[in-house]
Amino acid sequence: MHLDSAQEKMLRGEMGEAKQFAMEIVSRVGDAVGADRLIPIKSAHVLAHYSSLHDAGVEVLERFASSGGRFAVPTSVDPASIDLQNWRSFGVPEEYAGQQFRLCDAYAKMGGMRCWTCVQYQVCNFPKEGDVVAWAESSAVVFANSVLGSRSNKITAGMDIACAILGLTPRFGMLLDENRRAGVTFKLGMRGLTDLDYRSIGFFIGRNAGARIPLLDGLPSSVTSDQIKHMGAGAAAAGPVTMIHFPGITPGSRTAEEASGGEKTEEIEITRSSLSDVESDLNQTSELPDLVAFGVPHLSANELGELARLIDGRKLKRGVKMYAYTSSQAYDMAERTGIATTIEGTGARISHSTDAEISPLKALGFNTVLTNSAKLAEIVSSEGEIRVGYASQKEIIEKVTT
Amino acid sequence: MKPWLRKGKGLVRGSAHGEALVSRRAFTFAHGVDPATGVVTDVRSDLRGMNVKGKILFYPFGKGSTTASSWFLETVRLGNNPAAVVTEAADLSAVIGSVMARVVYGKEIPVMTGVPRTAYVGLNSGAKVFLDTGKGEVRAEG
């Protein structure tokens with residue numbers, strides 16, 4: 001990969017230690033993926049949660065922060081592994097919280113927005129069509145590419161911070177027109193899709209697209225941006241998906257032909273039985289859970305309102321905890337509008353600045369989790385320690401409340 | 001076993017040898033490999049219960065969380081990392097994880113791509129594998 005003279009200087013350490021460390025990572029990755037050069041980014045989104053970064057990630061973030069690293073572009077951050085405000089009342093061990101706070105401090109020192117959410121595009125980081133960004137968080141990358149029409153590769157931990165510090169990313173992959181064309185078409189033949197169906201559709205696409213860019217044909221116009229958010233999250237959890245073309249929604253893809261560049265693609269039909277297969281794969285237990293988790297990815301203010309409407313006047317059964325995970329910003333709104341009081345009046349809690357899949361669920365004493373998130377169901381079962389059930393929000397509320 | 005040799009494209013350079021560990025499904029280190037042991041925990045992986053430590057790890061493509069490179073790096077920190085990774089389609093999390101391993105811990109873990117699943121025929125987990133990105137090849141001996 002070609003570096004200009006300023007970038008060469010960074011690599012030699014003439015612009016400080018942090019930029020050198022960042023350039024060493026970014027230039028090596030750029031070489032590996034065959035990028036021709038570095039290009040500027042409009043924003044970054046990075047990871048700073050202890051459950052996935054582990055002690056190695058703490059070392060890396062602190063090395064960046066203590067050597068003078070400062071973000072060169074607006075940078076948002078994924079949720080933390082603990083509720084940053086109320087972690088004690090959620091039973092998080094002191095030592096664990098300590099490691100998370102080391103990450104928080106390093107991130108804050110570098111000048112990032114302290115939003116702690118995986119739906120930054122609903123909260124504080126809004127790229128426009130055509131903007132190049134370097135985002136971590138697989139579900140957000142799918143949303144950026146598929147709905148906003150901005151361009152991001154699925155930037156993974158370590159590289160995310162390096163790109164944010166340089167304000168640059170290697171030019172390759174999803175930044176290039178030729179790699180964004182649809183290579184496989186999923187056809188939705190059925191009507192009357194439920195909220196859960198969208199999540200299962202996403203998972204099915206992720207499972208079956210392989211390394212090709214999928215296109216989804218037949219999406220009803222009633223689909224909401226929240227439903228697309230959860231569909232993308234399911235797809236990215238199940239496979240290497242970074243984008244789904246939704247003709248009529250995705251900028252530059254008004255039609256299927258436009259999305260595929262006129263190339264003929266393999267067609268895969270999504271039927272009721274495809275979705276039943278996904279459900280039975282993800283739904284591994286029907287026992288009464290000790291945790292119900294909503295909001296992987298984070299619930300929007302609208303979704304908190306919908307939850308309040310469904311659960312109003314009910315009471316959680318004994319032995320069941322229910323956490324609705326959201327951003328601090330949506331939580332504030334829910335508090336001001338009385339939505340939070342309605343939800344919490346049932347015995348449920350709203351947890352903000354963290355999320356279920358990156359919480360130490362086992363250490364918090366949970367053995368069975370029930371969720372409507374395909375992403376969470378996939379992740380929890382992958383760790384193999386906790387049994388997981390997968391059902392619609394409505395069914396879950398029926399099951400765990402009186 | 002018959003000699004097995006395939007050409008591939010080196011993404012992160014280096015050479016390595018070790019036993020093959022071959023997955024035919026989407027693979028991720030994120031929530032899928034326990035860094036403290038190197039054991040694959042993912043219930044949807046055909047490698048569940050196997051250990052990646054010191055292996056030449058083959059899989060078609062990645063999946064899931066962008067945290068995968070930090071799970072990878074933690075296995076490196078704890079000495080439980082694979083010796084090399086070989087994929088069909090480039091898996092950015094393996095590339096980034098390997099680059100971080102080099103830059104942070106000085107460890108070389110070559111990454112090769114362009115070896116399709118269909119080429120796994122005749123290659124079984126446990127076979128002795130030699131990988132050299134300089135020659136752009138990976139070969140196995142019975």
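Q: Helices (H or I, at least four residues) and strands (E, at least two) are DSSP runs, numbered from the N terminus. On that reading, in which strand is A:Pro297 found?

A: The model is predicted, and in it A:Pro297 is found in strand S9 of chain A. The peptide bond that joins A:Val296 to A:Pro297 is cis, with omega about 0 degrees.

Q: To which strand is S9 of chain A joined, and by how many bridges?

A: Two strands pair if DSSP finds at least two bridges between them. Strand S9 (residues 291–299) of chain A runs parallel to strand S12 (residues 368–371) of chain A, and three bridges join them. Within this pairing, A:Val292 stands opposite A:Leu370 in S12(A).

Q: What joins S12(A) to S13(A), and what unit do they make with H14 of chain A?

A: S12(A) and strand S13 (residues 387–390) of chain A are also parallel, with four bridges between them. Here A:Thr371 is the residue opposite A:Tyr390 in S13(A). Together with helix H14 (residues 374–383) of chain A, the two strands make a β-α-β unit that is right-handed.

Q: How is the span of a helix read, and what does H2(A) reach from its first C-alpha to its last?

A: The span is compared with the length expected at 1.5 Å a residue. H2(A) has 17 residues and reaches 24 Å, close to the expected 24 Å. Since 13 of its 17 residues are buried, H2(A) is largely enclosed by the rest of the structure. Just after this helix, A:Gly34 has a positive phi of about 80 degrees.

Q: Which residues of H3(A) are buried, and against what do they pack?

A: An α-helix has 3.6 residues a turn, so residues three or four places apart point the same way. In H3(A) the buried residues include A:Leu53, A:Ala56, A:Gly57, A:Val60, A:Leu61 and A:Phe64. In chain A, the buried residues of H3(A) pack against helix H2 (17–33), helix H4 (94–109) and helix H6 (159–166). In chain B, they pack against helix H1 (68–77) and helix H2 (92–105).

Q: How many residues does the contact take from each chain?

A: It takes 37 residues from chain A and 35 residues from chain B. On the side of chain B that touches chain A, strand S2 (9–12), H1 and H2 each supply at least two residues. H2(B) gives the largest share of that side, eight residues. By type, the residues of the side of chain B divide into 19 nonpolar, 11 polar and five charged.

Q: Where do A:Trp116 and B:His31 lie, and why does each count as buried?

A: A residue is buried if 20 or more other C-beta atoms lie within 10 Å of its own. A:Trp116, in the loop between H4 and strand S4 (134–135) of chain A, counts as buried because it has 27 C-beta neighbours inside 10 Å. B:His31, in the loop between strand S3 (15–22) and strand S4 (33–34) of chain B, counts as buried because it has 25 such neighbours. Neither is a glycine, yet phi is positive at about 45 degrees for A:Trp116 and about 65 degrees for B:His31.

Technical notes. Residues numbered from 1 in each chain as written. Chains lettered and ligands numbered in written order. Predicted model: local features only at pLDDT ≥ 70, side-chain atom pairs only at ≥ 80, totals over all residues. Buried ≥ 20, exposed ≤ 12 C-beta atoms within 10 Å, placed from the backbone. Contact = placed C-beta atoms within 7 Å. Nonpolar A, V, L, I, M, F, W, Y, C, P; charged D, E, K, R; others polar. Right-handed = clockwise from strand over helix to strand, strands pointing away. Expected span 1.5 Å × (residues − 1).
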